[in-house]
Amino acid sequence: MRPLEDVLREWEAVIGLEVHCALTTLATKMFCGCKLEFGAPPNTHTCPVCLGLPGALPVPNQAAIESIVLAGLATNCDIMKRSMFYRKGYLYPDMAKGFQITQGPVAFCMNGHLDLAMEGPGAGERVDLPQARERGAYATRIGVARIHLEEDAGKMIHVGGGEGRIAGATHSLVDFNRAGTPLIELVTRPDLRTPEEARRFMQKLRQIFLALGISSCSMEEGSLRADGNVSLRRRGSDGFGVKTELKNINSFKHLHDGLAYEICRQAEVLEAGGAIRQETRHWDPHAKRTVVMRVKETADDYRMFPDPDLAPYDLTDEFIERLRAKLPELPDQKVERLQAAFGLAAYDARQLAEDAATLAFFEDGMAIAGGDARAVAKPLANLLLNDVAAAAAGDGSFDLAAGPLTPDRAVELVTLMAEGAVSSRQGKEVLAAVLAEGKDPRAIVEERGMKQVSDAAAIEVVVDAVLAANPDQVAKYRAGKTGLIGYFVGQCMKATNGQGNPQVINQILAEKLGATE
C-alpha cells in the first residue's frame with residue numbers, strides 16, 4: 001500500500017469517533033445498587049436488575065446523570081431538559097436481558113464542539129492546509145453531535161483461541177460484573193480529517209474527563225475506548241463514501257495506526273476499481289492491519305423503542321446551573337492561565353497542562369520562585385518537558401511527585417543556569433546527580449567544583465593565551481575561515497576545565513579577533 005501522506009494528497013479522509021467512557025468514579029451501577037469494582041472476582045457484583053430477571057425494575061443513578069451533564073457543559077453542548085431512555089436490541093451473551101438501556105434521538109447533551117490546536121510533526125498529515133505545511137501548526141474545530149448515557153455490557157473471555165479472541169476458541173466465559181456500568185458515549189460529527197486529529201481529540205477528551213473526575217479513563221482497563229468511522233472521497237468532492245468502523249480501540253497509538261491503515265486500504269481498493277463495504281473491522285496491532293469482524297448493523301437492526309419501565313427525564317434550570325458552577329478549570333483554561341500568568345508559549349503551556357503531576361510540580365515551583373516566577377518559568381518548563389521527561393522515560397520507577405527532584409531544587413537548578421553559575425551542559429550533569437543522590441543543586445556544584453567562571457577579566461587572560469598559542473588558526477580566521485571560532489571556544493573551555501562561561505568566551509573572542517584586523 002502507498003504511504004499515508006501520498007494517499008491524503010489525492011483522497012480526503014472523513015473520520016468520526018464514538019468515544020465510550022465508563023463512569024468508574026461512581027459507587028454503583030446505572031440502574032441498580034450493585035458495586036462498581038474493577039478486577040473483582042467474576043459475577044460477584046450482580047443482582048436481578050442487571051441480570052434482567054423477571055419483575056426487576058431499573059432506577060436511574062442520579063450521580064451518573066450529573067456526570068454526563070458535566071461532560072456536556074465541558075464540551076460546549078446544549079443540555080437537553082427533556083430526554084428518554086430507550087431499549088436497544090442486544091443479542092450477545094454478555095448482556096443477560098437481551099437489550100441495552102440507552103438514549104434515543106434526544107440525548108442529555110447535544111450539539112457541542114471542541115477546538116484542537118494541532119502542532120508538531122503530526123500536523124503535517126493535513127496536506128491540504130498551507131499553515132500545516134509551512135508552520136507545522138493549525139487549529140480546527142470538531143463538532144460533538146451528542147453525548148448519551150447508557151449501560152455497559154459484561155465481559156466475555158474466550159478460552160482456547162489465539163490471543164483471547166473468539167476465533168478458534170473452544171468455549172467462552174461471561175463475567176456480568178461490568179454489565180450495567182454507567183457509560184457515556186460521545187459521538188463526533190464527521191469533522192476529523194487525519195488520524196492525528198483523531199488521536200489529539202481523544203487525548204484532549206481524556207484530559208477533560210479526568211479534570212471533571214467522572215472516570216479513571218484507563219484505556220488499559222477498558223474504561224475509555226473508541227470506535228473510529230472512516231470513509232474516503234476524492235479531494236474537492238462533497239459527497240460521503242461508504243464507511244467502515246474500527247471497533248473497541250483501546251490506545252491512542254492503535255487509534256492513529258488503525259485509521260491510517262484503513263485509509264490506505266480503502267484507497268487501494270477504490271483505485272483498483274473495487275467497492276468499500278459497510279462493515280465493522282478489528283485493528284490487529286501485531287499484524288498491523290484491519291480484519292473484518294461483521295457486516296455493520298443498521299439502526300433498524302437495533303429495534304429501539306422507549307423503555308416502558310423508565311419515565312421521561314426532566315432536568316431543571318437549577319439542576320443545570322448548579323452543575324455548571326461545579327466545573328473545574330478545564331485544559332484550555334489552564335493553557336490560557338499559564339500563558340497569561342507566566343508568559344509561556346502556547347505549546348509549552350499545552351504540554352504542561354496535559355499531565356496533572358507535571359503541572360502541579362511546575363505550579364509549586366512558580367510559587368517558590370515568587371517575584372521571579374516569570375523569569376524562571378520558561379527554563380523550568382524546558383527542564384520538566386525535556387530533561388526530566390527523558391529521565392522518566394528511561395526509568396519505569398520514576399515518581400515526580402515523591403522523587404528526589406523537588407520543586408525548590410528544580411527552581412534552584414534553573415536559577416543557577418540563568419545566573420551563569422553552571423552551563424546548560426553542566427545543568428544536565430547536576431540534574432542527574434540530584435536524581436541519583438538526592439542533594440541540593442548548589443551543594444552538588446560546590447562539591448564537584450563545577451561553578452562556571454564568568455569573570456570577564458579572568459576569561460580574557462585565557463583567551464589571550466589561546467590566541468597567542470594558535471597564530472596560524474588566528475590568521476586563517478581573519479582570512480575568512482570563521483568556522484574556526486568553534487575551535488577557539490573549545491580550547492578556552494579546555495583551558496578552564498570546562499568551567500568557562502561560553503557566552504563570555506564567545507564575546508571576548510569576537511572582540512579580540514576583530515580588534516586587530
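Biologist: Is aspartate 317 buried, exposed or partly exposed?
Modeller: Aspartate 317 is partly exposed, because its relative accessible area is 42%, and that class lies between buried (under 20%) and exposed (over 50%), using a 1.4 Å probe and protein chains only. Keep in mind that this is a predicted model, where local features need pLDDT of at least 70, side-chain atom pairs count only at pLDDT 80 or more, and totals for chains, interfaces and linings use all residues. Residues are numbered from 1 along each chain as its sequence is written, and side-chain values use heavy atoms, with hydrogens and water left out.

Biologist: Good to know! Which helix is aspartate 317 found in?
Modeller: Helix 6, which covers residues 317–324. Helices (H or I, at least four residues) and strands (E, at least two) are DSSP runs, numbered from the N terminus.

Biologist: And what does the side chain of aspartate 317 make a polar contact with?
Modeller: The side chain of lysine 81, at 2.5 Å. A polar contact is a pair of N or O atoms within 3.5 Å; within protein, one must be able to donate a hydrogen and the other to accept it, and residues adjacent in sequence count only if both atoms are side-chain atoms.

Biologist: How many residues of strand 11 are buried?
Modeller: In strand 11 (residues 224–234), 10 of the 11 residues are buried, so the rest of the structure largely encloses this strand.

Biologist: How do strand 1 and strand 11 pair?
Modeller: Strand 1 (residues 11–22) pairs with strand 11 in the antiparallel sense, over 11 bridges. Opposite leucine 224 of strand 11 you'll find cysteine 21. Strand 11 is also joined to strand 12 (residues 244–249) by four bridges, again antiparallel, and valine 230 stands opposite threonine 244 there.

Biologist: How many bridges join strand 7 to strand 10?
Modeller: Seven, between strand 7 (residues 137–151) and strand 10 (residues 182–188), which run antiparallel. Glutamate 150 is opposite leucine 183 of strand 10.

Biologist: Which three strands form an open sheet?
Modeller: They come in the order 5-4-15, with antiparallel pairing. Its edges are strand 5 (99–103) and strand 15 (305–306). Strand 4 (residues 85–89) meets strand 15 over two bridges, and tyrosine 86 has proline 306 as its bridge partner.

Biologist: Now helices. At what angle do helix 7 and helix 10 pack?
Modeller: Helix 7 (residues 331–342) and helix 10 (residues 373–393) pack at about 125 degrees, with their axes 9 Å apart. That makes helix 7 oblique to helix 10. Axes are lines fitted to C-alpha atoms, for helices over the stretch in contact, with angles from 0 to 180 degrees between N-to-C directions; under 35 degrees is roughly parallel, over 145 roughly antiparallel, 65 to 115 roughly perpendicular and the rest oblique.

Biologist: Which residues make the contact of helix 7 with helix 10?
Modeller: Ala340, Ala341 and Phe342 from helix 7, and Ala373, Arg374 and Ala377 from helix 10, where contact means heavy atoms within 4.5 Å.

Biologist: Last one: where does cysteine 217 lie?
Modeller: In the loop between helix 4 (195–212) and strand 11. Cysteine 217 has a positive phi of about 55 degrees although it is not a glycine, and counts as buried at 1% relative accessibility.

Terms used: Two strands pair if DSSP finds at least two bridges between them.
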